[in-house]
Protein chains: 2
Amino acid sequence: VTNGDIDHIAGLLTLRESQCFTLFSTGEIAELLHRNRIFDALNRDQVARRPVLLKQAFELVPNLVAELYPVPGKVPLFMEEGELETDLQGEQTVGVRLSSGDAVAHYIPGCAALTDELRGHLDGAGMVLFDGTVWQNNEMQAQGVGEKTGERMGHMAISGQEGTIAAFGGIDIERKVFVHMNNTNPVLDPSTEERRIAEAAGWTISEDGMELTL
Amino acid sequence: VTNGDIDHIAGLLTLRESQCFTLFSTGEIAELLHRNRIFDALNRDQVARRPVLLKQAFELVPNLVAELYPVPGKVPLFMEEGELETDLQGEQTVGVRLSSGDAVAHYIPGCAALTDELRGHLDGAGMVLFDGTVWQNNEMQAQGVGEKTGERMGHMAISGQEGTIAAFGGIDIERKVFVHMNNTNPVLDPSTEERRIAEAAGWTISEDGMELTL
């Protein structure tokens, strides 16, 4: 679990009671889950909780090593209090570096900004799965379905001079894949100009059931 | 919301943020939702929370009156503490009486026992939607998918001398419908003997998208 917001943790309730798995997260997200009694529905005899440290590699499954690292983001919406910072770097929003031998992939479903440090970290990867929430910062307003901007939600927009496609220019990555698209994002529709632009820029738009091989 | 357990409340998280509705529940369930911060994702400007008193009719929508009443049940699994009672009667598990003019329907998705009081309350109704979780008390064990009995979960079994079909004998109800079936319940399969028995006893097995007219 790379984030404590509802789109990342509510699915745990669907896995409740009788499915065995190990739940890896940062200490902060582990604490959030621990303090919320609804997650007691995950039977601790079947679901081991493993808080891990940032930037410390660990074996996720045999022959697959993972490492969590901070990316700019914010605390979960339902935990917001007082003045909001949307580009915090800590244990609340993380990327995952996955490696098996020389093969390296990164999974970053939420990211508020591509810092120089993050650019350097991604350089040379075989694959990056990256936050593709919105095409434009204000698309939810433009479509009349919500008032929040991508920025307000802690997400970069794909398009524009400061957008994700532009920000990834010059980073050496074999395969780039957008994940975590909001239902307002026009790249979801294969017939749109935005989809064509994203693909022409070397990005794949992920879809349900997609399998990726590194 | 007639119950505070996860199968009744987790769906609220899918309705989060931008859908307007009014959430009616008992005070106890309202308190459980209020105390759990994950439900702060339901924006209070869009989702009005209306705790209601047991046995006090209220207008659910224009021309549709509702009334909540206690049925035997238990506290939510994730709130269990100490010795467990599975047939409490209070604000934790309720039925709903719905009426529009002379037409009366009852919705009771969880019920641990059909008390004489409840039998009297249902008598004469046009429709009852009732807890059909399990066919046999131990079917989850028998199918190797879980250790809990229906009784442990606060549910009557459909079959058997003490079961729901038998218990409804002699109550005057025009249409009886099973809801809330567990995926282990053989009545879900139209080809089973159990389905045939339930239908022969006057019960309809509900399904996704079913529309009922009273």
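Predicted model: local features only at pLDDT ≥ 70, side-chain atom pairs only at ≥ 80, totals over all residues.
How much area do chain A and chain B bury between them, and what share of it is on carbon and sulfur atoms? Residues are numbered from 1 along each chain as its sequence is written, chains are lettered from A and ligands numbered from 1 in the order in which they are written, and side-chain values use heavy atoms, with hydrogens and water left out.

**View 1. The interface between chain A and chain B.** About 1700 Å² is buried between the two chains, 60% of it on carbon and sulfur atoms; buried area is the accessible area (1.4 Å probe) that two parts lose on being put together, summed over both. On the chain A side, Ile6(A), Arg37(A) and Ile38(A) lose the most area to chain B, together 35% of what that side buries. Chain A brings 21 residues to the contact and chain B brings 21 residues, where contact means heavy atoms within 4.5 Å.

View 2. Two salt bridges are counted between chain A and chain B (a side-chain nitrogen of Lys or Arg within 4 Å of a carboxyl oxygen of Asp or Glu). Look for Arg37(A), which forms a salt bridge with Glu81(B), the closest N and O atoms being 3.0 Å apart. By class, the side of chain A that touches chain B has eleven nonpolar, two polar and eight charged residues. Here Ala, Val, Leu, Ile, Met, Phe, Trp, Tyr, Cys and Pro count as nonpolar, Asp, Glu, Lys and Arg as charged, and the others, Gly among them, as polar.

**View 3. The open sheet of chain B.** Seven strands line up in the order S3-S4-S5-S6-S7-S8-S9 with mixed pairing. Strands are DSSP runs (E, at least two residues), numbered from the N terminus, and two of them pair if DSSP finds at least two bridges between them. Strand S3 (58-61) and strand S9 (203-205) of chain B each have a single partner strand, so one side of each is left without a neighbour in the sheet. Neighbouring strands are turned by 30° against each other on average, direction ignored; the axes are lines fitted to C-alpha atoms, and angles run from 0 to 180 degrees between N-to-C directions.

**View 4. Two strand pairs in chain B.** S3(B) and strand S4 (residues 64-70) of chain B are antiparallel and share three bridges, with Val65(B) in S4(B) as the bridge partner of Glu59(B). These two strands form a hairpin with two residues between them, and Asn63(B) in the turn has a positive phi of about 70°. Elsewhere, strand S7 (residues 127-131) of chain B runs parallel to strand S8 (residues 175-179) of chain B, joined by five bridges. In that pair, Met127(B) stands opposite Arg175(B).

View 5. In chain A, seven strands form an open sheet in the order S3-S4-S5-S6-S7-S8-S9, with mixed pairing. Its edge strands are S3 (58-61) and S9 (203-205) of chain A, each pairing on one side only. Strand S4 (residues 64-70) and strand S5 (residues 94-100) of chain A are antiparallel over six bridges, and Val65(A) has Ser99(A) in S5(A) as its bridge partner. S5(A) also pairs with strand S6 (residues 103-108) of chain A, antiparallel over five bridges. The hairpin of S5(A) and S6(A) has two residues between the strands, and Gly101(A) in the turn has a positive phi of about 60°.

Conventions
Helix = DSSP H or I, 4+ residues; strand = E, 2+ residues; numbered from the N terminus.
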